[in-house]
Each structure stands twice: as structure tokens, then as C-alpha cells.
Amino acid sequence: MKRIPEPEELMDEAEQAQAYAEADFSASNELFLQLFEQLHPEAFTGRALDLGCGPADIPIRFARRFPQARIDALDGARAMLDLARKAIEDNGLEQRIQLHCRFLPANLNSNYDALLSNSLLHHLNDPLDLWQTIRNSAHPGATVLVMDLLRPESPQQVEALVMEYAADAPEVLRRDFEASLYAAYTLDEIHEQLVSAGLQSLEVNQVSDRHLAVHGILS
Ligand SMILES: C[S@@+](CC[C@H](N)C(=O)[O-])C[C@H]1O[C@@H](n2cnc3c(N)ncnc32)[C@H](O)[C@@H]1O
């Protein structure tokens, strides 16, 4: 099935951001944490960067799971960052999670020990914006975990996934989920992106009926 890009890269409308922040993504966000623990079995104590952090549920879970970690969380949408700031304050984590309003590609000039991103890749019209930011922001040996939706093979499969996971969700979220499935990349497309970006040390696999993960250690 042909890819249909998202209408907008950023999620900067207040209503859309609020609906997203209120949705329950605990199952997929916990899957993200489990995948990270498989990649990095010892307790993580370094600096992590989360790209496209949205309302910051993953940075908050990450900070709780790894009490010595420090996290920079970046998003280009102010509406999302306002919600992220509130959630971080509610969890008392403002000393350990710093928010940054930045648009990818970003030259962060830094040396992160882990690069994280969930559900950002399918928003990008040029996926190299993510892969180059990852290359430029971490040192060899850094752990990389990027999770996203996997584009289904047919509109019928899109509809089945929307019915299974979003039948009772508000209309704005159902539309977002459907558009995201159409905008998602395939395993083969991502494999080619990694080769173009010189990130052949990373692997990509399907990790659920609707998710894929790119993971590994930067060479
Ligand atoms: C689907 S949300 C995912 C949020 C979060 N990572 C999560 O797992 O819940 C995608 C986020 O990426 C942000 N985004 C999209 N394109 C971006 C870009 N080029 N630069 C920075 N942020 C971007 C959007 O504003 C949105 O908050």
C-alpha cells in the first residue's frame, strides 16, 4: 500500500495535543521500556535524548525506571510541550527531564548515551531528519531505540487495526491513528533509510501487530 504522508508534521493544535495526552498509550509505552531494557540490561545511568517527546509519557516512565538517568526531551510543538511540562511537574521530575522546543533536523552538538524516539518517524516527510539527528547527537557505543507504527499492507488492514485499537477513542484520535498507519514506513523502507544514513549497525524488526523497532548500538 502506498504511503500517504501526515497532513502536518507537528501536533501543535491544542485540541489534538490534549486528546493525545489523555489517551492511554500505556501498553505501547511499556513495550518501549521493555525493548530498551533488553538492549541495555544494566541500569541506565547516563544522558538520554527523546526526540518528538509529545506529552512526555515515555521520558517520565524512563526517569522512574532509571532513577539516575537524565533526559532531554525535544518536540517542535509548543502545545505538546505545555502538556509535557505539566506532567513532568506533577511527577516532580523537573530536575531530571529538560524540555526543548526544537524542530528536526536539529544539530544538538551533544554526546548522548541513549537516543530514544517513539512514534515520530512516520510524521517526517524526510526520514533522514531523524536518522541524521541521531548520528549527530550520540557517541559510538550509544544505545538507540526508535519505535513506530508499521504501515499495513492494505486499507482493510488499516480499518481492522483502527477498529481493534481505537473503536471507542474520540474522533480526533481515531483519525490521527488512521492517518498515522497510512503515513508509517515499512521495514524495507527503513532498512534503506538506515543504509543511506550510514546507520547499518542498527537493526529493524516488527515488534507487535502494528509496531516496529529500530534498535542497536551506534558504531
Ligand atoms: C505521535 S506524537 C508521539 C509523542 C511521544 N513520543 C509519544 O510516544 O507519545 C509525535 C510528536 O512528534 C512531534 N514532531 C513531529 N515532527 C517533528 C519535527 N520535525 N521536529 C520536532 N518534533 C516533531 C509532534 O509535534 C508530536 O508531538
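**Group meeting: a short walk through the model**

Hi everyone, let's start at Ala 56, which sits in the loop between strand E1 (47–51) and helix H3 (57–65). Helices here are DSSP runs of H or I with at least four residues, strands are runs of E with at least two, and both are numbered from the N terminus. Before I go on: this is a predicted model, where local features need pLDDT of at least 70, side-chain atom pairs count only at pLDDT 80 or more, and totals for chains, interfaces and linings use all residues. Residues are numbered from 1 along each chain as its sequence is written, and side-chain values use heavy atoms, with hydrogens and water left out.

Back to Ala 56. Its phi is positive, about 75 degrees, although Ala 56 is not a glycine. Is Ala 56 buried or exposed? Ala 56 counts as buried because its relative accessibility is 0%. For us, buried means under 20% relative accessible area, exposed means over 50%, and partly exposed is in between, using a 1.4 Å probe and protein chains only.

Ser 119 also has a positive phi, near 65 degrees, and is a residue other than glycine. You will find Ser 119 in the loop between E4 and helix H5 (128–137). With 22% relative accessibility, Ser 119 counts as partly exposed.

Now to strand E4 (residues 112–118), which holds Asn 118. Asn 118 has a relative accessible area of 15%, so this residue is buried. Which side chain does Asn 118 meet in a polar contact? The partner is Asn 29, and the contact is 3.5 Å. A polar contact is a pair of N or O atoms within 3.5 Å; within protein, one must be able to donate a hydrogen and the other to accept it, and residues adjacent in sequence count only if both atoms are side-chain atoms.

In the loop between strand E3 (97–101) and E4 we have Pro 105. Leu 104 and Pro 105 are joined by a cis peptide bond, with omega about 5 degrees.

Over to helix H2 (residues 26–39), where Gln 34 is found. Gln 34 has a relative accessible area of 42%, so Gln 34 is partly exposed. From Gln 34 to Leu 121 is 87 residues along the chain, and their C-alpha atoms are separated by 20 Å.

Last stop: Glu 8, in the segment before helix H1 (14–22). Glu 8 counts as exposed because its relative accessibility is 55%. Thanks, everyone, happy to talk it over.
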